[in-house]
Amino acid sequence: MSETMGLRIPAAASDRRAGYKTSSRYDIGVLSFTLPSREADTYLSRLVPEDQEMIANLHPEPKGYEPMAPFAHLGLPEPETLAKGVRQIGFCPEGLTSPEGRRLRYCVDLFAHEFAPGSTRFYVRSTIEPGVTPPAADGPGK
């Protein structure tokens, strides 16, 4: 899924999970992984454009919120329902010049959640062009 989105996952990432949902209008990919918070900050500095800033989720969705492509299918809470320790941003590849952002192929919504001291989980959701061949399911966490 990371290859389809054009989003590199750092080698130090653990608990990698991905999903892909097809529909008649558009497809949606979801991706999640965990990094030590120090490495997460470094990764974000290479991905998020310098002229943009991640923001806190000041208005979390209520429990039971179900987006079009839920992370619940990956056994995770929906990032939109999280309030404490979560930052979010959305951006598209057009004109993106950040070192990691240059690889991006589709617009993404990105959430970074420090769910435990020193551990940050990334949630990425992307709308994918219809007709793109879904990534192969290589087993758990791929």
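Which residues are buried in α2? In this predicted model, the buried residues of that helix are Ser-37, Ala-40, Tyr-43, Leu-44 and Leu-47. They lie on the same side of α2, because the arc that they cover around the axis is only 110 degrees. The points below follow this helix into the nonpolar cores and then turn to the disulfide.

- An α-helix has 3.6 residues a turn, so residues three or four places apart point the same way.
- Arg-38 and Ser-45, by contrast, are exposed and sit on the other side of α2.
- The cover over the buried residues of α2 includes the strands β2 (27–36), β4 (86–91), β5 (108–116) and β6 (119–128).

**Ser-37**

- Ser-37 counts as buried because its relative accessibility is 12%, which is under the 20% cut-off for that class.
- When neighbours within four places in sequence are left aside, Ser-37 is in contact with Glu-114, Gly-118, Ser-119 and Thr-120.

**Nonpolar cores**

- In soluble globular proteins, nonpolar side chains tend to be buried together.
- The largest nonpolar core has 25 residues, of which Leu-7, Leu-31, Phe-33, Phe-91, Leu-110 and Phe-122 touch the most other members.
- Two or more residues of this core come from each of β2, α2, β4, β5 and β6, and α2 gives the most, with four residues.
- Phe-33, again apart from neighbours within four places in sequence, has contacts that include Ile-9, Pro-10, Ala-13, Tyr-43, Thr-120 and Phe-122; among these, Tyr-43 is one of the buried residues of α2.

**The disulfide**

- A search of the whole structure finds one disulfide, which is formed by Cys-92 and Cys-107 with their sulfur atoms 1.9 Å apart.
- The link of Cys-92 and Cys-107 is right-handed, with 110 degrees about the S-S bond.
- Both Cys-92 and Cys-107 lie in the loop between β4 and β5, so the pair ties together parts that are 15 residues apart in sequence.
- Cys-92 counts as partly exposed because its relative accessibility is 31%, and Cys-107 is likewise classed as partly exposed, at 35%.

Note on methods:
Residues numbered from 1 in each chain as written. Predicted model: local features only at pLDDT ≥ 70, side-chain atom pairs only at ≥ 80, totals over all residues. Heavy atoms only, no water. Buried < 20%, exposed > 50% of the residue type's maximum accessible area, 1.4 Å probe, protein only. Contact = heavy atoms within 4.5 Å. Arc of directions from axis to C-beta. Core = buried A, V, L, I, M, F, W, Y, C linked by side-chain atoms within 4.5 Å. Disulfide = S-S within 2.5 Å.
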